[in-house]
Amino acid sequence: MSTKDPNAQRMEKIVSLCKRRGFIFQSSEIYGGLNGFWDYGPLGVELKRNLKDFWWRRNVRERDDMVGMDGSIIMNRAVWKASGHEATFSDPMVDCKSCKARHRDDQLPAKDGAKYCPNCGSRDLTEPRAFNLMFKSYAGPVESEDNMVYLRPETAQAIFVNFRNVCDTSRKKLPFGIAQVGKAFRNEINPRNYTFRSREFEQMEIEYFCRAEDGLALTDYWLEQRLKFYEDIGIPREKIHVVDIPDGDRAFYSKKTYDLEYEFPFGISELEGIAYRTDYDLSAHIAASGKPLDYFDQEKNEKFVPHVVEPSAGVDRTTLALICEAFAEETVTDEKGNAETRTVLRFHPRMAPIKVGIFPLLKNKPELVAKAEEVVALLRPHMMVQYDEAGAIGRRYRRQDEAGTPFCVTIDFDTIGENGPEKQGTVTLRHRDSMEQERIAIADLKAWLLERIS
Ligand code: GAP
């Protein structure tokens, strides 16, 4: 990355903020890390949880036509044979004969029509060969071919193989969907762009089952739903590029696929795929298992294999998009009239890791501290709060700006009635984005905040 490129500089600042403030750490950092693996710190885990919870709320709890499930990461190897992953879930890999670096053939740079190694510039590369991305392990103590298992490379297959179980137990009628959020693992040849392409990540997937004749229209319906979702978490529509994948570039079984791409600082890249997968997956499992994964329409007295539309989003990529979208630097004037740079994460309040910072104006005034603790106790059961009494109030605001906290509440002398009874029981409420302040009664605080964060 050239440090002169403003986008690369922006990305460097985001990565540094994420580490400094406890959003994302390199996995196993004290041992030199592990390429393609990341840990989420105290703020990162809250952000990610808010995203997953909101996705679940929108797609499962608020809908009559959806149910959830949580499948195991390791499944019978037969699942991956039937789905086609064992035979074809691979990327083309090449080795550089000069520096021995490994690359994905389809990501190699080229000059004058010839591909070259981005590491050392050599054009002396091996022929591409298929590298299967599934991680292998063994179930049980014997490391034999019979005991070989894979870590799932997507959550979707657990939904397909449970189709019958869910149908029988939930009694849903078509069209209906099954949603799942969980870990997936891919042994990516070149993990890159921070958490964007990792070897361990989380997916939020929906398999929406329907009649064949409704497949195309429902794909467009889900596209609209998903764009609305991104808007509702603070990623505007104009930042999402919808790519209608042309015939020939789609998987052979898909009749329509949209990729949703976001303008990351490192380039426009995929956040989510919405694929109309026809009846490919259920039919493949019916053929391989011999089990009836079809659907019986009682009203029409008709049995058939449903088609499916699959909106499949990445938790980590969306989390990264949220951080990139929220990151801003601006010049402001401090209390002494000096210009300074304010770093702020402008998260949508519903995504923000901490919803409200609560400060006593002075830490050595017991009445202020006691009142602040009262406000903490009032709000804590309902939202993530952070109490902070250290340092000047301006510095405490800046700390919350960097964490993306949308609101801060200061308990001051007015609150405890030292300046007369009119403002007693009120606090200063400070807005992160405008930095404006207003007074609000403690009695109204919970409802005011809940309305904005839910
Ligand atoms: N079941 C369909 C499926 O898995 P996919 O396009 O391979 O489709 C869906 O993956 C989403 O999972 C992607 O749009 C992306 O958000 C996320 N994803 C895939 N590979 C990833 C990786 N290596 N690191 C982070 N996220 C990834």
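Q: In this predicted model, what makes two strands count as paired?
A: Two strands pair if DSSP finds at least two bridges between them. Here, five strands form an open sheet in the order β22-β21-β23-β24-β25. The pairing is mixed.

Q: Which are the edge strands?
A: An edge strand pairs on one side only. In this sheet these are β22 (385-387) and β25 (437-441). Neighbouring strands of the sheet are turned against each other by 25° on average, direction ignored.

Q: How many bridges join β21 to β23?
A: Five bridges link β21 (residues 356-360) with β23 (residues 407-411). The two strands run parallel. Across this pair, Phe359 stands opposite Thr410 in β23.

Q: Which strands does helix α10 lie across?
A: Contact here means heavy atoms within 4.5 Å. Helix α10 (residues 366-379) lies across β21, β22 and β23. Its direction is at about 160° to β21.

Q: Where does helix α12 lie?
A: Helix α12 (residues 442-453) lies across β21, β23, β24 (426-431) and β25. It runs at about 115° to β25.

Q: How many helices and strands are there in the protein?
A: The protein has twelve helices and 25 strands. Its C-alpha atoms fill a box of roughly 80 × 65 × 50 Å along the principal axes.

Q: What share of contacts joins residues at least 24 apart?
A: Take contacts between residues at least 6 apart in sequence. Of these, 64% join residues at least 24 apart.

Q: What percentage of the residues is buried?
A: Buried means under 20% relative accessible area. Of the 454 residues, 50% are buried. The accessible surface comes to about 21900 Å², with 48% belonging to carbon and sulfur atoms.

Key: Residues are numbered from 1 along each chain as its sequence is written. This is a predicted model: local features need pLDDT of at least 70, side-chain atom pairs count only at pLDDT 80 or more; totals for chains, interfaces and linings use all residues. Side-chain values use heavy atoms; hydrogens and water are left out. Helices (H or I, at least four residues) and strands (E, at least two) are DSSP runs, numbered from the N terminus. Axes are lines fitted to C-alpha atoms, for helices over the stretch in contact, and angles run from 0 to 180 degrees between N-to-C directions. Buried means under 20% relative accessible area, exposed over 50%, partly exposed in between (1.4 Å probe, protein chains only). Accessible areas come from the Shrake-Rupley method with a 1.4 Å probe; for residues, only the protein chains shown count as cover.
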